[in-house]
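Try each task before you read its solution.

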Amino acid sequence: MQIRDYSLPEGWFPHDSGSVSAFLSKYEPPDRKKAHCKFYRAAIAPHAGWYYSGRLAALAVSNLWPEAETIVILGGHLPAGNPPLFAMEDAVKTPFGYLKINKNLRSSLIKELNGAEDKYRDNTIEVLLPMVHYFFPKADIIWLRLPAAMESFTSGKIISRLALQSGRKINVLASTDLTHYGLNYRFSPMGIGEAGLNWMKNVNDAGFINAVKSGNTREVLRFAEEEHAACSAGAVLGAMGFAEEEKAGKPALLEYGTSADLEERGIPDSFVGYAAFVF
């Protein structure tokens with residue numbers, strides 16, 4: 001069996017199951033298994049290290065439909081023109097062991113999407129795998145990174161159709177961070193400090209969030225590409241396409257935050273926005 005091992009060091013997320021369980025148990029809804037509890041077919045989660053965005057990511061993942069048999073995890077960091085990229089191994093490593101990849105559904109998706117093998121180190125999916133394994137211990141996954149192009153919205157619809165044909169109950173989990181602002185990212189149109197942070201939160205990130213909530217796919221892509229308001233628009237568009245095909249409705253924002261929220265010594269020179277959505 002071919003296993004996709006970690007590419008991220010332990011600073012991104014704990015590599016032992018006890019620490020992962022201790023972290024995630026704080027965010028699991030207490031009524032998660034009750035029939036009357038409302039759950040969601042798709043979610044968007046941030047993908048920074050858990051210290052910065054783990055809480056928001058856990059909120060998104062834990063609110064997904066608990067009966068799902070396959071979790072399609074959509075990553076990004078791919079510009080337009082790239083093919084969709086799939087992990088081609090049999091399983092991925094997590095602190096809980098091996099999380100299997102659904103090879104039958106993957107084969108169908110590769111054919112329909114003209115996909116290629118993902119040979120690269122990338123955090124957009126890997127950082128979410130322990131959460132998926134914790135909340136969905138009996139499920140398998142698809143590892144799929146989508147390019148920042150409108151075609152990824154159609155890809156989300158195709159995921160829904162092929163899942164229906166396969167008879168699998170699935171959730172889609174998309175991965176993106178929002179604006180990367182400051183000296184570290186060479187992007188500070190409003191200067192450094194409070195003015196820059198306020199602009200990022202109330203203008204740039206807010207614009208992207210409103211585009212997602214309204215279902216405006218072209219504005220989602222525009223804010224991501226022209227305004228630098230998201231790093232993985234393809235994943236977001238894929239979730240939106242899946243949700244539309246599933247008639248899951250427009251997304252709700254669970255919570256928004258920034259890496260600056262965790263600083264105790266004032267506003268740093270650089271910071272990133274994070275949001276968790278559910279459909």
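Contact here means heavy atoms within 4.5 Å. This is a predicted model, in which local features need pLDDT of at least 70, side-chain atom pairs count only at pLDDT 80 or more, and totals for chains, interfaces and linings use all residues. Residues are numbered from 1 along each chain as its sequence is written, and side-chain values use heavy atoms, with hydrogens and water left out.

**Exercise 1. Find where Asn63 sits, and decide whether Asn63 is buried or exposed.**

Step 1: Helices (H or I, at least four residues) and strands (E, at least two) are DSSP runs, numbered from the N terminus. Asn63 lies in the loop that links H2 to strand E3 (70-75).

Step 2: Buried means under 20% relative accessible area, exposed over 50%, and partly exposed in between (1.4 Å probe, protein chains only). Because the relative accessible area of Asn63 is 17%, Asn63 is buried.

Step 3: Leaving aside residues up to four places away in sequence, Asn63 touches Phe39, Tyr40, Leu254 and Val278.

**Exercise 2. Describe how helix H1 (residues 17-24) and helix H2 (residues 50-62) cross.**

Step 1: Axes are lines fitted to C-alpha atoms, for helices over the stretch in contact, and angles run from 0 to 180 degrees between N-to-C directions. The axes of H1 and H2 come within 11 Å and cross at roughly 60°.

Step 2: Angles under 35 degrees count as roughly parallel, over 145 as roughly antiparallel, 65 to 115 as roughly perpendicular and the rest as oblique. H1 and H2 are therefore oblique to each other.

Step 3: At the contact, Val20, Phe23 and Leu24 of H1 meet Trp50, Gly54, Arg55 and Ala58 of H2.

**Exercise 3. Work out the strand order of the open sheet of three strands.**

Step 1: Two strands pair if DSSP finds at least two bridges between them. Strand E1 (residues 3-4) and strand E5 (residues 91-94) run parallel, joined by two bridges, and Ile3 stands opposite Ala91 in E5.

Step 2: E5 and strand E6 (residues 97-100) run antiparallel, with four bridges. Across this pair, Thr94 stands opposite Gly97 and Lys93 opposite Tyr98.

Step 3: The order is E1-E5-E6, with mixed pairing. E1 and E6 stand at the edges with a single partner strand each, so one side of each has no neighbour in the sheet.

**Exercise 4. Which residues touch the most other members of the largest nonpolar core?**

Step 1: A nonpolar core is a set of buried Ala, Val, Leu, Ile, Met, Phe, Trp, Tyr and Cys residues joined through side-chain atoms within 4.5 Å.

Step 2: The largest such core has 42 residues, and Leu74, Leu109, Ile159 and Phe208 touch the most other members. Helix H9 (residues 233-245) contributes the most to this core, with eight residues. Apart from it lies another core, of 41 residues, including Phe23 and Val272.

Step 3: Turn to Leu162, which belongs to helix H6. Leu162 counts as buried because its relative accessibility is 10%. Beyond residues up to four places away in sequence, Leu162 touches Leu105, Ser108, Leu109 and Glu112.

**Exercise 5. Which residues of helix H8 (residues 217-225) are buried?**

Step 1: Thr217, Val220, Leu221, Phe223 and Ala224 are buried. They lie on the same side of H8 because they cover an arc of only 165° around the axis, where the arc is that of the directions from the helix axis to the C-beta atoms.

Step 2: Their cover includes helix H6 (151-166), helix H7 (194-214) and H9.
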